[in-house]
Amino acid sequence: EVMETDSKFHLVTLGCPKNEVDSEKLTGMLISDGMEATDDLTNADLIVVNTCAFIEEAREESIETILNLDELRNEESKIVITGCLAERYGNEIQNLLPEVDHVAGFGVPVSLTRKATAPEFDLLNLPRPASDKPWAYLKIAEGCDRACGFCSIPSFRGPQRSRDINSILEEVDSLQVKEVVLVAQDLAAYGRDQGVGEKSIIPLIEEIVQRVDWVRLLYLYPSEINQQLIDAMCSLTVPYFDLSLQHVSPSLMRRMKRWGDAERFRGLISEIRRNSPSAVFRSNFIVGYPGETEEDQDELISFIKEMQLDWCGFFSFSDEEGTYASGLEGKIDRSLIVERLKELSYLQDGITSSKRDALIGERISVLVDSHGVGRTYREAPEIDGVVSVPDSCKVGEFTDLIVKGSLGPDLEADLT
């Protein structure tokens with residue numbers, strides 16, 4: 001079946017920022033095929049769902065979304081599934097969900113105008129339209145060379161493939177933004193794929209900061225952070241360190257097949273703070289990994305109390321088929337995981353609030369994202385708090401303001 005060239009498509013994106021980037025590139029591709037985007041589902045000839053399959057919850061959301069779209073669409077339209085669910089489960093999806101007309105893994109056209117079974121294109125290097133916001137995510141590599149015990153991503157996203165610096169810089173120019181947020185599965189390993197090539201995240205940052213005001217790095221593997229990278233991040237761009245720690249107990253870290261422990265992470269964070277006292281930190285932690293003990297939980301709690309990180313996310317362990325963790329004994333009871341998550345979240349909410357309170361009276365530089373809402377370098381878009389700004393502040397510009405108040409993770413700021 002072939003879509004008419006003046007057909008309309010409706011695209012739904014689930015999952016992480018890396019998926020959002022893929023969706024923007026898919027949109028560009030569909031438009032270049034002669035199709036037109038529509039927000040009205042009933043008006044769409046083609047419905048594309050860019051899915052997530054990282055953990056159980058994400059898969060459930062993907063399937064629920066497909067079923068909801070099926071109920072609301074017009075009978076003539078086609079549903080195409082792409083993204084991680086499509087790549088990980090392929091044709092199984094079509095057997096499970098007869099509502100789906102076509103399953104397209106990575107690099108397979110979603111438009112139905114062209115049938116393909118082998119990857120024909122790489123989303124990484126497809127052109128992308130200018131951003132409609134003053135910031136944009138930028139994916140600099142695909143896949144991952146690590147083998148963390150809990151993670152299924154390498155099994156369907158493949159080994160790391162870094163983009164050519166020139167293609168990244170062309171994309172930076174085309175986005176026309178004030179802030180670029182770099183994303184990848186393992187950002188600091190950029191340039192060294194399967195043990196070949198030079199790690200080149202620093203030369204990349206040096207090039208990008210000549211084109212935009214802020215470069216933000218999301219998701220850094222702690223063992224990759226050396227003095228040169230700390231210096232580059234503190235002097236060239238925003239001192240925002242998103243460290244993928246996952247836990248701090250030495251025995252649990254070994255079971256996770258990851259580098260590091262409380263002592264090493266303490267040293268790393270202290271070193272960054274010595275270089276840049278105004279550095280801001282975000283991290284994520286997994287709760288309920290097989291074999292996790294009360295002592296492990298206590299060790300994580302004392303680390304969080306001591307280190308006072310600005311932002312933290314806590315996630316319950318998801319048992320992923322085919323991963324090392326899936327075969328481990330010592331699975332943790334669901335109710336205990338929920339209890340531990342609550343304890344950690346309550347502790348961190350208090351830390352985040354006190355960090356925000358401490359900014360009252362300070363002069364801050366705010367990038368205005370949308371009418372009345374902005375961010376300082378301390379807040380990553382979409383995941384951290386925001387700053388309420390006066391309506392007179394121009395969207396897409398930087399404005400100097402004074403913090404007048406705080407409410408949980410958010411700040412209020414004014415001109416005087």
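Two strands are taken to pair if DSSP finds at least two bridges between them. The legends below describe close-up views of a predicted model.

**Figure 1. Pairing of strands E12 and E13 in the parallel sheet.** By the criterion above, E12 and E13 pair in the parallel sense, with six bridges joining them. Within this pairing, Ser283 stands opposite Cys312 of E13. The two strands belong to an open sheet of three strands, ordered E11-E12-E13, in which the pairing is parallel. E11 and E13 are its edge strands, each pairing on one side only. From one strand to the next, the twist averages 15 degrees. Helix H10, residues 262-275, packs on this sheet and touches E11 and E12. The direction of H10 makes about 180 degrees with that of E11.

**Figure 2. The five-stranded barrel.** The barrel closes in the order E14-E15-E16-E18-E17, and its pairing is mixed. Strands of a sheet pair through backbone hydrogen bonds, either parallel or antiparallel. Strand E14 (residues 363-370) is joined to strand E15 (residues 373-375) by three bridges in the antiparallel sense. In that pairing, Val368 has Gly374 of E15 as its bridge partner. E14 also runs antiparallel to strand E17 (residues 398-407), with five bridges between them. Here the bridge partner of Ile364 is Leu401 in E17.

**Figure 3. The hairpin of strands E17 and E18.** E17 and strand E18 (residues 410-414) pair in the antiparallel sense over five bridges. Gly405 has Glu412 in E18 as its bridge partner. The hairpin formed by E17 and E18 has two residues between the strands. In the turn, Gly408 adopts a positive phi of about 60 degrees.

**Figure 4. Packing of helices H11 and H12.** Helix H11 (residues 294-307) packs with helix H12 (residues 334-357) at an angle of about 10 degrees, and their axes lie 10 Å apart. Angles under 35 degrees count as roughly parallel, and H11 and H12 are therefore roughly parallel to each other. On the H11 side, the contact comprises Glu294, Gln297, Leu300, Ile301, Ile304 and Lys305. These residues meet Leu336, Arg340, Glu343, Leu344, Leu347, Gln348 and Ile351 of H12. By class, the residues of the contact of H11 with H12 are seven nonpolar, two polar and four charged.

**Figure 5. Packing of helices H7 and H8.** The axes of helix H7 (residues 201-208) and helix H8 (residues 227-236) come within 10 Å and cross at roughly 10 degrees. H7 and H8 are therefore roughly parallel to each other. From H7, the contact involves Ile201, Ile202, Ile205 and Glu206. H8 contributes Gln228, Leu229, Ala232, Met233 and Leu236. The contact of H7 with H8 has seven nonpolar residues, one polar residue and one charged residue.

**Figure 6. The largest pocket.** Rolling a probe the size of a water molecule over the atoms shows where empty space is left. About 1,500 Å³ of space lies in the largest pocket. Its lining consists of 47 residues, of which Cys16, Phe54, Tyr219, Asn284 and Phe315 lie nearest the centre of the pocket. The elements that supply two or more residues to this lining are helix H1 (17-32), helix H2 (56-72), helix H5 (153-157) and strands E11 (240-246), E12 (280-287) and E13 (311-316). The lining of the largest pocket divides into 25 nonpolar, seven polar and 15 charged residues.

**Figure 7. The second largest pocket.** The second largest pocket holds about 290 Å³ of space. Its lining is formed by Leu11, Thr13, Glu20, Ser23, Glu24, Thr27, Pro129, Ala130, Ser131, Asp132 and Lys133. Strand E1 (8-13) and H1 each give at least two residues to this lining. H1 gives the most, with four residues. By class, the lining of the second largest pocket has three nonpolar, four polar and four charged residues.

Notes:
Residues are numbered from 1 along each chain as its sequence is written. This is a predicted model: local features need pLDDT of at least 70, side-chain atom pairs count only at pLDDT 80 or more; totals for chains, interfaces and linings use all residues. Side-chain values use heavy atoms; hydrogens and water are left out. Axes are lines fitted to C-alpha atoms, for helices over the stretch in contact, and angles run from 0 to 180 degrees between N-to-C directions. Angles under 35 degrees count as roughly parallel, over 145 as roughly antiparallel, 65 to 115 as roughly perpendicular and the rest as oblique. Contact means heavy atoms within 4.5 Å. Ala, Val, Leu, Ile, Met, Phe, Trp, Tyr, Cys and Pro count as nonpolar, Asp, Glu, Lys and Arg as charged, and the others, Gly among them, as polar. On a 1 Å grid over the protein atoms alone, a cavity is a set of points where a 1.4 Å probe fits but cannot get out, and a pocket is an open set with protein on both sides within 12 Å along at least five of seven lines; lining residues have an atom within 4 Å of a point. Grid points are joined across faces, edges and corners, and a volume is the space filled by probe spheres set on the points.
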